[in-house]
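Here are my notes on the model, point by point. Have it open while you read.

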Amino acid sequence: MRLVTSDVPALAVNGLSRFYGKRAAVRKLDLRVQPGDLYGFLGPNGAGKTTAIRAILGLIARSKGTVEIFGERDMVRQRAEVGAMVETPAFNDWLSGRANLTIAAAYAGRGSAADIDEALDRVGLRDRAKEKVRGYSLGMRQRLGIARALLGRPKLLVLDEPTNGLDPRGMREVRELLTELVRRDGLTVFVSSHLLSEVEAMCTRVGILDRGELRAEGTVQELVQRLGGSTDLEVGVSDRPAALTVLSKLEGVTVEGDGEAGRMLLKLKGLEPAVVNRALVLAGVEVSSLVPRAGTLEELFLSVTSSEPGVA
Ligand code: ATP
């Protein structure tokens with residue numbers, strides 16, 4: 001019997017490893033994707049994202065580990081819940097978008113004519129569905145690939161680098177589509193990317209993979225905080241020398257130099273801006289402005305991933 005409650009993760013990956021010979025492309029991967037997440041699986045080129053996704057979907061054998069999808073362990077039954085697009089989707093260029101989906105539906109044994117219409121609608125291709133795919137832009141092909149993944153109304157969508165090769169407009173369209181699929185249609189989306197800005201712009205949760213291992217997982221905000229990410233703070237003060245004396249006694253504050261509009265630029269580690277404010281005011285230094293700037297996912301990404309691509 002299958003139990004689907006809100007406590008059951010949409011995707012649970014437990015100790016997943018995949019070796020090529022003696023080398024691990026993915027090592028002891030644990031992931032939890034909750035229903036309603038738009039989960040960003042982030043990692044530099046060669047980190048093992050595609051290998052992990054293929055192993056999660058059962059497209060390649062797992063060397064070790066298990067995968068549960070909405071609590072289901074059986075791979076055949078899992079497939080009914082998942083729609084996937086791995087790497088650039090291939091289509092028959094000489095057929096229309098709709099014909100391609102019709103063939104895909106027949107081949108996969110899922111997706112009625114109504115499903116095909118709905119999927120085309122969802123990705124904004126209904127009006128172009130009769131045209132041959134050879135005339136489609138890359139962005140349209142990606143969207144058609146997502147429509148194909150939506151056939152059979154899966155609850156979990158797994159997409160490997162769906163914005164790869166797209167121009168900024170195409171990338172934004174895909175981002176907006178995925179956000180809508182989660183917010184409006186209640187899908188759970190697991191999407192890999194090597195683009196930080198993209199993940200930061202759309203994902204509710206993030207896992208960072210490097211050399212086959214998960215280095216960090218959480219919301220963008222949590223990750224930046226948990227991993228000792230620092231916060232930049234700009235402070236406007238009446239008396240700079242007095243402020244410097246106060247700040248030099250506070251642990252977790254580094255004075256970095258000048259910020260905007262004559263303010264001082266500070267770096268805070270494990271310290272709230274309010275603490276800085278209080279210390280200055282108590283010492284009689286007037287504070288005219290406090291402008292915090294949170295650490296970015298980019299800082300975190302660079303701190304937890306290695307500079308050289310490679311295998312673990
Ligand atoms: P990218 O963002 O560049 O697509 P990725 O994070 O998806 O990278 P993978 O394609 O999963 O990374 O590759 C991870 C590592 O596993 C790489 O070093 C790659 O060379 C290796 N690898 C992948 N497939 C095979 C294979 N069939 N045989 C041997 N090694 C492989």
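1. Aromatic pairs first: there are two of them in this structure. Rings of Phe, Tyr and Trp (its six-membered ring) pair if their centres lie within 6.5 Å, and planes under 30 degrees apart count as stacked, over 60 as edge-to-face and the rest as tilted. Tyr39 and Phe190 are stacked, because their ring centres are 5.3 Å apart and their planes meet at 20°. This pair bridges distant parts of the chain, with Tyr39 in strand S3 (residues 38-42) and Phe190 in strand S7 (residues 188-193), 151 residues apart. Strands (E, at least two residues) and helices (H or I, at least four) are DSSP runs, numbered from the N terminus.

2. Before going on, two caveats. This is a predicted model, in which local features need pLDDT of at least 70 and side-chain atom pairs count only at pLDDT 80 or more, while totals for chains, interfaces and linings use all residues. Residues are numbered from 1 along each chain as its sequence is written, and side-chain values use heavy atoms, with hydrogens and water left out.

3. The cut-offs: buried is under 20% relative accessible area, exposed over 50%, partly exposed in between (1.4 Å probe, protein chains only). The other pair, Phe41 with Phe190, is tilted, at 5.1 Å centre to centre and 40° between the planes. Phe41 lies in strand S3 and Phe190 in strand S7, so this pair ties together parts 149 residues apart in sequence. Phe41 is buried, as is Phe190. Through these ring pairs, Tyr39, Phe41 and Phe190 form a cluster.

4. There is also a charge over a ring: the charged end of Lys155 sits over Phe70, 4.3 Å from the ring centre. The criterion is NZ of Lys or CZ of Arg within 6 Å of the ring centre and within 35 degrees of the ring normal.

5. Now the ligand. Which residues are closest to it? The shell holds 12 residues, and Gly46, Gly48, Lys49, Thr50 and Thr51 are the closest; a residue is near if one of its heavy atoms lies within 4 Å. Helix H1 (residues 49-57) gives the largest share of the shell, three residues. By type, the shell has five nonpolar, five polar and two charged residues. Here Ala, Val, Leu, Ile, Met, Phe, Trp, Tyr, Cys and Pro are nonpolar, Asp, Glu, Lys and Arg charged, and the others, Gly among them, polar.

6. On ligand distances, a backbone N or O atom of Gly48 is 2.8 Å from a ligand oxygen. A polar side-chain atom of Glu161 lies 3.3 Å from an oxygen atom of the ligand, and a side-chain N or O atom of Tyr20 is 3.5 Å from a ligand nitrogen. Taken alone, the ligand exposes 640 Å², of which the protein buries 60% (Shrake-Rupley areas, 1.4 Å probe; for residues, only the protein chains shown count as cover).

7. Last, the loop between S3 and H1. Ala47 is in this loop and is buried, at 2% relative accessible area. Its C-alpha atom is 4.8 Å from that of Asp210, 163 residues away along the chain. Gly43 is in the loop between S3 and H1 as well, buried at 0%.

Key: Polar contact = N/O pair within 3.5 Å; in protein donor to acceptor, adjacent residues only side chain to side chain.
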